Amino acid sequence: MTAERCVACGEPSSVLEKVVPLKVESGGKSTVIQDRRMVCDKCGNVSYVGAQISEHERAAAAAIREIEGLLSADELQRIRAKYRLKQTDMEQMLSTGPKTWTRWERGKVPQSKAADKLIRLIAEDPDVARRLMEQAGIDNPEASATFAQIEADAKLISRAAIRAELRRFQDGDIERVVDRAADAAFETVRDARRQAAARSEAA
Ligand SMILES: [Zn+2]
């Protein structure tokens with residue numbers, strides 16, 4: 001790449017692309033990224049051109065995510081895709097502004113810690129996701145079908161688990177079997193739902 005004129009000091013052919021270590025800080029902690037940028041040899045003016053701009057934004061956002069222990073942009077995409085939700089659905093469910101989720105998922109901006117907590121709950125518990133979708137009044141047939149499928153899968157998982165539990169009481173009296181079934185159901189349903197959601201993610 002040929003050197004260009006500096007817009008800051010006016011020196012001709014003094015601006016060249018350089019990769020320099022850049023410290024990124026968040027909440028008192030920091031990390032170093034390799035930052036591709038244009039630098040003037042004469043006055044030191046720094047600028048970003050073309051693809052450098054989004055590269056810089058993404059690398060800085062990814063570094064903050066790592067420092068803060070936030071979900072990565074790819075993880076956000078996988079969580080949303082698991083439930084067949086749209087980016088605009090996520091924005092309504094989390095009560096963020098328009099295009100906010102889009103920027104998070106593209107990696108340009110890191111999500112807040114509060115949003116990250118809620119997204120983790122959504123990822124882990126499909127019932128939370130479904131209820132947030134319903135509360136926001138979102139009509140998304142694909143997502144609804146996905147939640148119905150997870151529910152159906154969860155039912156099979158919990159049925160099998162409860163059946164295995166009750167096999168130990170085959171010869172017991174009906175009252176004990178009923179109590180046992182109720183206790184087993186109480187603990188099994190939530191786990192089954194989570195297992196079914198995890199399967200949906202792997203699929
Ligand atoms: Zn200069």
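Biologist: Which residues have the most contacts inside the largest nonpolar core?

Modeller: The model is a predicted one, and its largest nonpolar core has 22 residues. Two or more residues are given to this core by each of α2 (73-82), α3 (87-93), α4 (100-105), α5 (113-124), α6 (126-135), α7 and α8 (174-202). Within the core, the residues with the most contacts are I119 and I122.

Biologist: Which element gives the largest share of this core, and from which domains does the core draw at least three residues each?

Modeller: The largest share amounts to 4 residues, and the element that supplies them is α5. As for the domains, the assignment for the protein lists domain 1 (15-68), domain 2 (73-135) and domain 3 (141-202). Those from which the core draws at least three residues each are domain 2 and domain 3.

Biologist: Which residues of α7 are buried?

Modeller: Helix α7 covers residues 141-166, and its 26 residues reach 37 Å from the first C-alpha to the last, which is close to the 38 Å expected at 1.5 Å a residue. An α-helix has 3.6 residues a turn, so residues three or four places apart point the same way. In α7 the buried residues are T146, F147, I150, A154, S158 and I162.

Biologist: How many helices and strands are there in the protein, and why does it count as more spread out than a compact globule?

Modeller: There are 8 helices and 3 strands in the protein, and along the sequence they follow the pattern β-β-β-α-α-α-α-α-α-α-α. The protein is more spread out than a compact globule because the globule rule gives 17 Å for 203 residues, whereas the radius of gyration is well over that, at 26 Å. The C-alpha trace spans about 95 × 35 × 30 Å along its principal axes, and the C-alpha centres of domain 1 and domain 3 lie 50 Å apart. The counts asked for are thus 8 helices and 3 strands, and the radius of gyration behind the comparison is 26 Å.

Biologist: In what order do the strands form the open sheet, and which of them stand at the edges?

Modeller: The 3 strands form an open sheet with antiparallel pairing, in the order β1-β2-β3. One side of each edge strand is left without a neighbour in the sheet, because each has a single partner strand, and these edge strands are β1 and β3.

Biologist: Over how many bridges do β1 and β2 pair, and which residue is the bridge partner of V19 in β2?

Modeller: Strand β1 (residues 15-26) pairs with strand β2 (residues 29-40) in the antiparallel sense, over 12 bridges. The two strands form a hairpin with 2 residues between them, and G27 in the turn has a positive phi of about 55°. Along the pairing, P21 stands opposite Q34, while the partner of V19 is R36.

Biologist: Which residue takes a positive phi near 80° in the hairpin of β2 and β3?

Modeller: Strand β3 (residues 46-47) pairs with β2 in the antiparallel sense over 2 bridges, and in one of these V39 has V46 as its partner. The hairpin has 5 residues between the strands, and the residue with the positive phi near 80° is G44.

Biologist: Is S26 buried, partly exposed or exposed, and how far apart in space are S26 and I67?

Modeller: S26 belongs to strand β1, which lies largely in the open because the number of buried residues among its 12 is 1. S26 itself has 16 C-beta neighbours inside 10 Å, so it counts as partly exposed. Beyond its neighbours within four places in sequence, S26 is in contact with I64, I67 and E68. S26 and I67 are 41 residues apart in sequence, and their C-alpha to C-alpha distance is 7.0 Å.

Key
Residues numbered from 1 in each chain as written. Predicted model: local features only at pLDDT ≥ 70, side-chain atom pairs only at ≥ 80, totals over all residues. Domains from an automatic or database assignment. Pairing = 2+ DSSP bridges. Expected span 1.5 Å × (residues − 1). Buried ≥ 20, exposed ≤ 12 C-beta atoms within 10 Å, placed from the backbone. Rg over C-alpha atoms; globule rule 2.2 N^0.38 Å. Core = buried A, V, L, I, M, F, W, Y, C linked by C-beta atoms within 7 Å. Contact = placed C-beta atoms within 7 Å.
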